[in-house]
Amino acid sequence: MKQHALITALLVLFVLTSGTAQKNSPVFSKVVYSGNDNVYNENPLEADEFYNPILQGTYPDPSITRKGDDYYIVVSSFSMFPGVPIFHSKDLVNWTQIGHVLDRKSQLKVHDSGISMGIYAPVIRYNKYNDTFYMITTQFAGGMGNIVVKSKDPHKGWSDPIKLNFDGIDPSLFFDDNGKAYVVHNDAPNKGEELYQGHRVIKIWEYDLEKDQIVAGSDKIIVNGGVDLSKKPIWIEAPHIYKKNGKYYLMCAEGGTGGWHSEVIFSSDSATGPFIPAPGNPILTQRHFAKDRNNKVDWAGHADLVVGPDDKYYGVFLAIRPNEKDRVNTGRETFILPVDWTGEFPVFINGMLPMEPTLKMPEGVVNQTGKNGYFPNGNFTYTEDFSSQPLDYRWIGLRGPREDFLQWTKNGIQITPFDVDIKEMKPTSTLFYRQQHNTFSFNTTMSYKPKSENDLAGITALQNEGFNYVFGVTKKDKKYYLVLKKTVKGKTEILASKAIDLGKELQLRVEAQGDAYTFSYATGEGDFQNLGETVSGAILSTNVAGGFTGALLGLYATHANDALLTQE
């Protein structure tokens, strides 16, 4: 009887918490994101073309692997939760997000980390000799360091992390056909041998596949500084080893992940070197062109290679599409180019020319992007009514699981507010979507009545915890107010506020035309009205705010609103 009573009580609790909205928690019934960049309007696709980038928004540092006819890409996620988005394709054009590699707290310990800490430069590799997938990365959080996780099937989840016994960043695995395995990574020069700021080395270790650990004492520096040490190259990093026709090729990024970024290649007769740079380096860069060029793509580098379905090589890499102020709000994105490896060294086709927004598809491929469950690119509209579970993988949390603050109701998705302001380096009760265009709108319908001035819910446009906008509803005395807040370097000011009647349906919207952002609202069937003036998106760019992410657009709620309205 006691067991029956307990089950009944739990069922009642489940109904109360999952089917109806809790008081003082906002319910978001609909979101519409729409992107409308001129570059896509001016460059409509031909029947045999697709758009570059293939993953728009902050999907940086791509790595790719292949098993049979299946391709998988992973990208950096920093302190976003879950971490390491993973995508699947059969043809390198049409991609489906199948989840995240790191999707639980035992794998991802970013609960007290800045947004640009956490997961850096994941690498995915398939080892055909033991039929196992590996994802190796650096986790700057939770005392984790360099880690590896494994899976027999990326669609079905990954192991808990195995900590690896070496320092440095950007590790990559290489499985040789003689049964040996290696880890290569970026590291500092030996103590006392650093020659200049940005001087780094590439190091290699033997890797024990039985123990999933490096072989102690097997480390060796295989590149010192970069292609030409006399020119003081900076930030040689993101190394990958490939084998072709019995020779070993080491490909790395060089120049730092900014305006001097590039990709370079070395070769050797041995996996452990010595590696000799190609005479034609770099093999990919956008650094030599006019800064004011039309439809500018820049910062290209951090690449990885794969053999495509047409038995030709392709390379994925990061690059950026700045706005008209030459600022980066959409973050570092994932691009792809064909690679010519008919000679001794691979070369990205047109990778040394200003990049075009369209590419020819591999022969026989049909472009289905944005259809049949495939990831969209170019201009598109995404509508979410939160009517079904599970949540679309594009929605993410920050520093903690979405499930800790989300629940479904009959009217939409409810966010249970944390006692955490969005400026704090703690898990926030915010559901984020990446800004994927320079010209966009992000609109939501919200039902909410705050109880006090410490309560606030609405939307946010965020680059990081120190640089963001918040647009939401709070309370002062007995009145409800709509407020627009701006945070710069962690200091918040209220740009505008207005008393509002919450007796009608409320819509909130942020939209941008490049650098110009506006925040507006509508009640009932009324037209949208701006709150405050048009504001600059500068604080949402990496140029101003720093870090490695792109802007995020979020549904936000808090019990710790700290920018309070003054007495009228």
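**Close-up 1. Strands 9 and 10 run antiparallel and are joined by seven bridges.** Strand 9 covers residues 132–140 and strand 10 covers residues 145–151. Strands are DSSP runs of E, at least two residues long, numbered from the N terminus. Threonine 137 stands opposite isoleucine 147 in strand 10. The model is predicted: local features need pLDDT of at least 70, side-chain atom pairs count only at pLDDT 80 or more, and totals for chains, interfaces and linings use all residues. Residues are numbered from 1 along each chain as its sequence is written, and side-chain values use heavy atoms, without hydrogens or water.

**Close-up 2. An open sheet holds four strands in the order 8-9-10-11.** Pairing (at least two DSSP bridges between two strands) is antiparallel. Strand 8 (118–127) and strand 11 (162–163) are the edges; each has a single partner strand, so one side of each lacks a neighbour in the sheet.

**Close-up 3. The largest pocket has a volume of about 720 Å³.** A pocket is an open set of points on a 1 Å grid over the protein atoms alone, with protein on both sides within 12 Å along at least five of seven lines; lining residues have an atom within 4 Å of a point. Volume is the space filled by probe spheres set on the points, which are joined across faces, edges and corners. Of 24 lining residues, Thr65, Arg66, Tyr126, Phe175 and Tyr242 lie nearest the centre. Strands 3, 8, 12, 17 and 22 each supply at least two lining residues.

Technical notes:
1 Å grid on protein atoms, 1.4 Å probe; cavity = no way out; pocket = protein on both sides within 12 Å on 5 of 7 lines; lining within 4 Å.
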